[in-house]
Amino acid sequence: MEARDTTAGALVSSDGEEQTAKKDTPQIQSKMEKIFGFRKEDLTSWHSLVTLLNRPTDPASLGIFRCLFGLLMVIDITQERGLSHLDFKYLDGAPVCRFPLFNVLQPLPLDWMYLVYVVMFFGALGIMLGCFYRLSCLMFISTYWYIFLLDKTAWNNHSYLYGLIGFQLTFMDANRYWSIDGLRRPSIRNAHAPLWNYTLLRTQIFIVYFLAGIKKLDADWVEGYSMSYLAHHWLFDPFKVILPVELINLLVVHGGGLLLDLTAGYLLFFDATRPYAFFFVSYFHCMNSQLFSIGMFSYTMLATSPLFCYTDWPRRFFARFPAFLRAILPITSPDPQPSTSCVYNSTQSTSTDPQESPPVAKAPKLRLKHKLAAIFTILYITEQLFLPYSHFITQGYNNWTNGLYGYSWDMMVHSRTHQHVKITYKDGKTGDTGYLNPGVFTQSRRWKDHGDMLKQYATCLNHFLPRYNISDPAIYFDIWVSINERFQQRIFDPRVDVVKADWSPFRPSTWLMPLLVDLSPWRTKFQEIEGSLDNQTEIVFIADFPGLHLENFVSEDLGNTSISVLQGKVNVEIVEEKKNYTLQPGEQIKVPAGAYHKVYTVSEDPSCYMYIYVNTTEAALQENFTKLYELQERVRNGTETEPLPPELQPLIAADGDEGSEVNATDPIVQLFLKRQRRMKEVKKRREAGALERLERFAVKKYYTIRRGLLMTAIAMRNLAVGLPPLEQLTREVAFANMKEPQADAKQDERLKDEVDHGEL
């Protein structure tokens, strides 16, 4: 709310006729009214509060936001909502484990799921155009929330925010400005919108910023452990000129993120600080769009910033355009017409002679819908302030983070790495045990971190495994996680059959292992140890509970692996040798490669130890690559006098013609040339100009959207006239899957080491 909103709108008499305030009548505003846009008296009674929330305001800013939000959601549907790959996610008949919020909520058949997306698409399009606005909002939010609640693995804060904004817009008068509805219905065209429309949206965005900042007051964020890897991104290269990476991580990434979130809402609210807020907020969101794969979130937040400006800013902005464009641009007339959604101050004279006694304000008459709008505004804001701290109610979702991550605004506060995931099943009849590939029957990885999803996954596995002659299986999970650079430790008790384990959203999960926060100070020591190692040596820090053991297999590539104890007491069993070794703090033992071993925690307190290993196969490969590169350089500068053997001749051919494919018989040379080609491609992409980058981006998005629309058309045809012959359907899907002609499949592969890092 701004000071300009205080005098927005005309004064309307009790019989509904518009009157204008006399220009020569001074309007004295209090200091509070100048700063906040309302007086203290507006909050002293229910009547005055309802009048304030329903005060007439210019609909221009709200209309522009509606248009931008609808446009962004149209784009979002084909991308982050998944229209372009919907057939991969909801393929009919596929044995897939799903993770809805409510287990009774299941996806429709594939063609009907496409219809759901069509309804959501036209709803978002209708919001953007302001066409059949209420119906469009209902079409959008009903299908959007269905998709959102259908899959907890896709939950995040910004997707939750889209649903909230769509819900708010359903009740607002956002189609009063620059809308098709306004062309169809002159009575609402350019009509006032009540102040509570802006109040809700501004408060919602303030909550997103401020509570995200409050959540970042967590010790891990303040100490720089949550997002430490971000400091190495190229976006922070300008800061590296004056600061070391460690200070960039602490001051810029974590300190800057905390400060911006805490202050952005306040800075956007006040006139004096708003220009600075626009700069920093825009810079922040533009960086986020490059740092993270978060779809339209950065652009949506940029679209919300003008909501904090004076509500008539679009009129003043579009008035600067040439006159011949006015026909397609929004209205620039400064006089919105009255609306029944608003409450207007009425006046009456106390004397028959208006010169003797000036008119005085008369208490406006409130309708039921005005009171309901005020109640809705207050209840909604209260609920949004309470919900992020309601995790004492939904205790079943508390798994080292508070509650359902997607509505807490604790964005990027926690980072996780997984080192070891093992799923064991036990046949209920025969007692036979076996192991499952982690992630079997599911397309998501997020189940590894959440007890509610783990319960759903175990129940699903219990349902599918009997198809493979495994009767009444018990399912056990051994999952090791490091949160915010702590020790790798178990998150769930590996001795509990999760199929039969009790889980409730209102009770803590007894089979959730506690986070070993007492060991957090070790993180400083980790950095010292890692700094003392060479580039080829890797290290993993492990913490385990008394009475439990880690069964581990060391890959044959890890030819130099040892266990060193940091705290507590462990017993190391070499399975093949049938030998046991007891280790105290400071002691170390080498474990054989290509074999199993077990590490038992035999101390009364948790044990802490570390694996130190070298990928000897990869080290040898890197050494060969170095020699080949040096040889290639000698050939280039003419210092190599010896003739190359036939297996090394491709080095010369590849150097002479970068665009040609070179056949190499030696596998090491083949891998070396493949890496060189890929590195050249990466370098070429990074050094590409702005136009080339824009073209590449546009082409990629075109084929993504193209596939979504073509597959949708196929599904709609199937619903209308039935399935075509299989050969025809195959051709249609192949046409939809067509990629850009110049794209090589190899270009889409990530550059990675040909010998992967062995996972302990």
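## Nonpolar cores

A nonpolar core is a set of buried Ala, Val, Leu, Ile, Met, Phe, Trp, Tyr and Cys residues joined through side-chain atoms within 4.5 Å. Buried means under 20% relative accessible area, exposed over 50%, and partly exposed in between, with a 1.4 Å probe and protein chains only. The largest such core has 90 residues. Those with the most contacts inside it are Met113, Tyr117, Phe140, Leu169, Tyr209, Phe236 and Trp409. Helix α10 (residues 195–215) gives the largest share of this core, 10 residues. A second, separate core holds 29 residues, including Val421, Ala458, Leu461 and Ala501.

Leu169 touches several partners beyond four places in sequence. They are Phe69, Ile127, Tyr133, Arg134, Cys137 and Ala174. Contact here means heavy atoms within 4.5 Å.

## Basis of the model

This is a predicted model: local features need pLDDT of at least 70, side-chain atom pairs count only at pLDDT 80 or more, and totals for chains, interfaces and linings use all residues. Residues are numbered from 1 along each chain as its sequence is written, and side-chain values use heavy atoms, leaving out hydrogens and water.

## The disulfide

The structure holds one disulfide (a pair of cysteine sulfur atoms within 2.5 Å). Cys97 is joined to Cys460, S to S 2.0 Å. The link is left-handed, with -85 degrees about the S-S bond. Cys97 lies in the loop between α5 (86–89) and α6 (110–129), and Cys460 in helix α18 (residues 451–464), so the pair ties together parts 363 residues apart in sequence. Helices are DSSP runs (H or I, at least four residues), numbered from the N terminus. Both Cys97 and Cys460 are buried.

## Other cysteines

Cys131 is in no disulfide. Its nearest cysteine sulfur, that of Cys137, is 12 Å away. Cys608 is buried, at a relative accessible area of 0%.

Definitions and conventions
Helix = DSSP H or I, 4+ residues; strand = E, 2+ residues; numbered from the N terminus.
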